[in-house]
Amino acid sequence: MNRIALIFVAALAACATTDPPESTMASARTMVAQARPVAQQNAPAELAVAQDKLARAETAMQRGHYEHARMLAEEAEADARLAWITSERVRTERALQEERNIR
Amino acid sequence: MKLPLKLTVLAAALAAGCAISPEADRQLTEARAAYRLAADDPAVQRHAQVELKSAAGALQEAERVAAEGSNSDLVEHNAYLAERRARTALSTAQAREAEAGIVAAREERRRAQLEAREREVALAREETQRAETARREAESRAALLEHEKLKVVREETAAAELAAEVKGLHAELPDVQAKQTARGWILTLGSEVLFDSGATLKDESRRALDNLAQFLRKHSERGIAIEGFTDSNSPKDAGQRLSERRAQAVKFALVQRGIEPHRIDARGYGPSFPVASNETETGRQQNRRVEIVINPS
């Protein structure tokens, strides 16, 4: 009986509205901006995903779909981080290759 | 018990409505695989602990929500974050490994260059030393050769000069025999030229002694030996003493003419070392003699 009630509450909570996720949005924007100049060349696909997610998060914010916006912003930040580190990895591995070719 | 039954049905309906979608399930499976891949990588353990921990947090959240079976979107969201973060961890580790590789490669190249340069320097130094040694050897060989050559020339010149001088001397002294031997030039003067009897020089010997003194002054580097001899007619001791006194008399006459005494070695040998037979008067006359040995410088 208690367990069923808990599940019920949890299901409702999952669909509940929240405050605007300003700080999550801010860190997503920062991460995308940081990734953009380096990732454009070495990780364009990952960067495109991040930029698309951030745009959708911005739209969701405008419409007041804050929970949706928070999730999209979190994903955009993770995408941007991956895009950035992927481009860093590609750049570094290329540099290593060049370094080894010098000999 | 009717109400609880209704509630159960309602909860089931709600749960079914938010049940984990195939999409969320697929995403979760992908996240687990990506996380496993990253977590098993030793390079990630070394370089990307923070990123891996962040992936683990999202994956736990996804698993927790999935276990509740209530919110597919939240499962998918967290699984997505877990998968991205796991891949971020992997990429971070690979980038760090590549960076370390660059540092190592540069260090290796720098070391190889340094070694090559050191080898070159050592080689050049060796080469220089070899060249210097060869130069010095050649120089000293040349110097030695030059020295030898000069010595030979000097000796030849000196010998030629001496020969000329002795011949000149000989020409001035008609009664003197001159011959070149291993001991040097030997001038032999008959005792009658120098002495009447005893050990007193004759006046007539003055010219011969003047010439001899002049010759010795000219050749100041040479010493001479004055050796007196007698024939075998007089008793041995008397002959010995006479020959000594005569040699001394010649030495004294030369010292009077300005020759340093240390250059003159005067000795008597009596009747020893005859140059002719004592059986005839001619032979005995030849044996009564004073020999002046001019040392070869």
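Tutor: A crossing is left-handed if the near helix is turned anticlockwise from the far one by less than a right angle, and right-handed if clockwise. Keep that in mind for α3(A) and α4(A), which cross left-handed.

Student: Before that, what am I looking at?

Tutor: A predicted model: local features need pLDDT of at least 70, side-chain atom pairs count only at pLDDT 80 or more, and totals for chains, interfaces and linings use all residues. Residues are numbered from 1 along each chain as written, while chains are lettered from A and ligands numbered from 1 in the order written.

Student: OK. How many helices and strands in chain A?

Tutor: Four helices and zero strands. Helices (H or I, at least four residues) and strands (E, at least two) are DSSP runs, numbered from the N terminus.

Student: And what's the secondary structure of chain B?

Tutor: Nine helices and five strands. From the N terminus, chain B runs α-α-α-α-α-β-β-α-α-β-α-β-α-β.

Student: Back to α3(A) and α4(A). At what angle do they pack?

Tutor: About 160°, with the axes 8 Å apart. Axes are lines fitted to C-alpha atoms over the stretch in contact, and angles run from 0 to 180 degrees between N-to-C directions. α3(A) and α4(A) are therefore roughly antiparallel. The cut-offs: under 35 degrees is roughly parallel, over 145 roughly antiparallel, 65 to 115 roughly perpendicular, the rest oblique.

Student: Which residues meet there?

Tutor: From α3(A), L47(A), A50(A), L54(A) and A57(A) are among them. From α4(A), they include A69(A), L72(A), A76(A) and A80(A). Contact means C-beta atoms, placed from the backbone, within 7 Å.

Student: What about α2(A) and α3(A)? How do they pack?

Tutor: At about 155°, with axes 10 Å apart. That makes α2(A) roughly antiparallel to α3(A). The crossing of α2(A) and α3(A) is left-handed. Among the residues making the contact are M25(A), A28(A) and V32(A) of α2(A). α3(A) brings P44(A), L47(A) and L54(A), among others.

Student: New topic. How much of each chain is buried?

Tutor: In chain A, 36% of the 103 residues. In chain B, 31% of the 297 residues. Buried means 20 or more other C-beta atoms within 10 Å of a residue's own; 12 or fewer is exposed, and in between is partly exposed.

Student: How many residues are in the largest nonpolar core?

Tutor: It has 50 residues. A nonpolar core is a set of buried Ala, Val, Leu, Ile, Met, Phe, Trp, Tyr and Cys residues joined through C-beta atoms within 7 Å.

Student: Which residues have the most contacts inside it?

Tutor: A62(B) and A82(B). Leaving out residues up to four places away in sequence, A82(B) touches A31(B), Y35(B), A55(B), A58(B), L59(B) and A62(B). Apart from that core lies another, of 28 residues, including A199(B), A253(B), L254(B) and V290(B).

Student: Last one. What is phi of F273(B)?

Tutor: Near 55°, a positive value in a residue other than glycine.

Student: Where is F273(B)? And is F273(B) buried or exposed?

Tutor: It sits in the loop between β4 (264–268) and α9 (281–287) of chain B. F273(B) is exposed, with 11 other C-beta atoms within 10 Å.

Definitions and conventions: Contact = placed C-beta atoms within 7 Å.
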